[in-house]
Amino acid sequence: MAKQIGTGRAGGEDRLITHYTHHHRRCRSLISRAVLVVLCFALAANQYQSGSGTVVVAAAAASTTTPPVQVTRWLGKLSRYVQFRGGKTPLTCQGMMEEGGPPSESTLITWEKQYSPSAWSVRFPTPAEVIDYHVKFVKSESDKNREQLETLLDVPYGSGDRDKVDIYGENLPPDAPLFVYVHGGYWQMLEKETSAYPAKPLVDRGVRVMIVGYELCPEVTLEELVRQMKAAGEFVLNYATENGVRHISIAGHSAGAHLIASMLDRPFMDAVGEELALLKDVYLISGVYNVQELRYTKSVNKDNLLGINDANAKSLSPLYASYEHLRPIVEQQQGGALRFHVYVAEHDSDVFREMAVKMSELLRSYGMRCDLSVLPGLDHFDIVEKLASADHTITAAILAGVAATGEKS
């Protein structure tokens with residue numbers, strides 16, 4: 001069952017039913033039909049922005065007269081759009097694009113904002129201040145943790161300069177529970193050195209923490225980053241096996257959540273074998289699970305620095321992945337089975353919240369144990385900044401997961 005902690009959305013479901021009716025008078029013109037379509041879009045857009053419930057559009061002709069092609073085409077697009085917003089069907093980037101080409105200018109403007117998380121925060125007057133505070137905060141907390149905790153730094157898992165992990169809590173027993181964190185930054189920013197802010201409250205409570213670094217785009221493509229994350233995952237599981245660790249939990253924020261969800265495919269499971277059973281909890285925090293729209297945004301993918309194209313856009317989108325191969329792990333382990341936890345912030349954008357819902361639904365459709373939590377009052381950045389605190393909802397969940405596994409072992 002999915003749980004929601006204060007969605008912050010208006011309650012109830014408002015239904016908008018728009019009927020396209022043909023009157024028998026010949027004075028009904030193409031102009032009036034066009035006005036109808038524009039009105040439908042305006043009403044649907046208003047409903048979407050308000051965050052309320054399902055929007056239903058019914059387009060029906062009352063006579064045998066066929067509407068002009070232009071009207072039929074736009075009514076079809078409107079229908080697909082509102083069906084998606086009502087959870088009826090997945091909307092790919094093609095769903096709002098002109099046929100055979102990139103999105104329209106107005107659609108692209110919408111996407112630019114939807115995929116700009118700092119624009120949705122209410123903590124600061126401007127997006128720039130949100131980013132500035134976040135960078136300063138995570139650096140300060142990470143620096144303090146490196147000074148205060150026993151560490152083993154720059155342990156390589158691959159051949160790249162950034163293919164390394166930092167380990168916090170080296171003074172803990174070798175078989176201590178292991179928490180792994182993969183930072184965000186739209187695959188092109190941040191690094192492990194400024195991403196150790198979750199470490200102290202976990203280490204203080206007996207959990208070793210491993211912060212994963214990875215190469216950044218455009219030095220590598222997103223496709224290559226997914227391969228690197230699989231190498232990092234193999235390293236983590238080998239490390240745990242060698243040290244007798246019985247509980248691994250892994251969390252990723254934003255782009256990091258995307259990399260984790262992408263890592264857990266069938267080839268990865270085949271490569272690691274039985275070691276995958278050591279992974280007990282996966283925390284996906286404000287993740288990006290569909291890259292088909294953001295590939296066109298200049299704010300995220302200027303000059304296609306991520307290397308996304310028509311051939312790989314779907315395969316790089318976890319919302320189109322199959323997790324059927326994980327079903328036996330869940331069924332065999334029963335009480336100690338792999339658990340997924342999808343988190344999103346109240347002040348994440350509409351698209352980020354929708355992706356979280358869709359991802360949790362997808363995982364449950366393959367038999368995964370998965371809960372969905374919408375954290376009230378938080379945005380895309382302080383939802384992880386608060387990992388520096390022991391009383392944060394997600395920190396408490398991580399510790400509870402470790403305790404639950406300990407009770408069953």
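This is a predicted model: local features need pLDDT of at least 70, side-chain atom pairs count only at pLDDT 80 or more; totals for chains, interfaces and linings use all residues.
View 1. Setting aside residues up to four places away in sequence, D348 touches W120, S286, R353, L378 and H380. With one of these, S286, there is also a polar contact, side chain to side chain, at 2.6 Å.

**View 2. S254, another buried loop residue.** S254 sits in the loop between β5 (248–253) and α7 (255–263). Its relative accessible area is 4%, so S254 counts as buried, the cut-off being under 20%. Leaving out residues up to four places away in sequence, S254 is in touch with G184, I285, S286, G287, V288, F352 and H380. Notice that S286 and H380 turn up here and also among the contacts of D348.

**View 3. Three annotated residues in one place.** An unreviewed UniProt entry lists S254, D348 and H380 under "active site". They span 127 residues in sequence, but no two of their C-alpha atoms are more than 10.7 Å apart, so the three gather at one spot. Zoom in and you'll find H380 touching S254 as well as D348.

**View 4. Strand β6 and its two partners.** Here's β6, residues 279–285, with 7 of its 7 residues buried, so the strand is largely enclosed by the rest of the structure. It pairs with β5 in the parallel sense over 6 bridges, and one spot to look for is S249, which stands opposite D281 in β6. β6 and β7 also run parallel, joined by 5 bridges. Follow V282 across to β7 and you reach its bridge partner, F340.

**View 5. F340 and the largest nonpolar core.** The largest nonpolar core holds 77 residues, and those with the most contacts inside it are W187, L264, L276, L284, L294 and F340. Helix α6 (residues 222–243) supplies the largest share of this core, 10 residues. Apart from it lies another core, of 30 residues, with V203, I285, Y343 and V402 among them. Back at F340, what does this residue touch? Not counting residues up to four places away in sequence, the neighbours are L264, V282, L284, L326, L363, M368, R369, C370 and D371.

Terms used:
Residues are numbered from 1 along each chain as its sequence is written. Side-chain values use heavy atoms; hydrogens and water are left out. UniProt positions are given in the numbering used here, feature names are shortened, and annotations may be inferred rather than shown by experiment. Helices (H or I, at least four residues) and strands (E, at least two) are DSSP runs, numbered from the N terminus. Buried means under 20% relative accessible area, exposed over 50%, partly exposed in between (1.4 Å probe, protein chains only). Contact means heavy atoms within 4.5 Å. A polar contact is a pair of N or O atoms within 3.5 Å; within protein, one must be able to donate a hydrogen and the other to accept it, and residues adjacent in sequence count only if both atoms are side-chain atoms. Two strands pair if DSSP finds at least two bridges between them. A nonpolar core is a set of buried Ala, Val, Leu, Ile, Met, Phe, Trp, Tyr and Cys residues joined through side-chain atoms within 4.5 Å.
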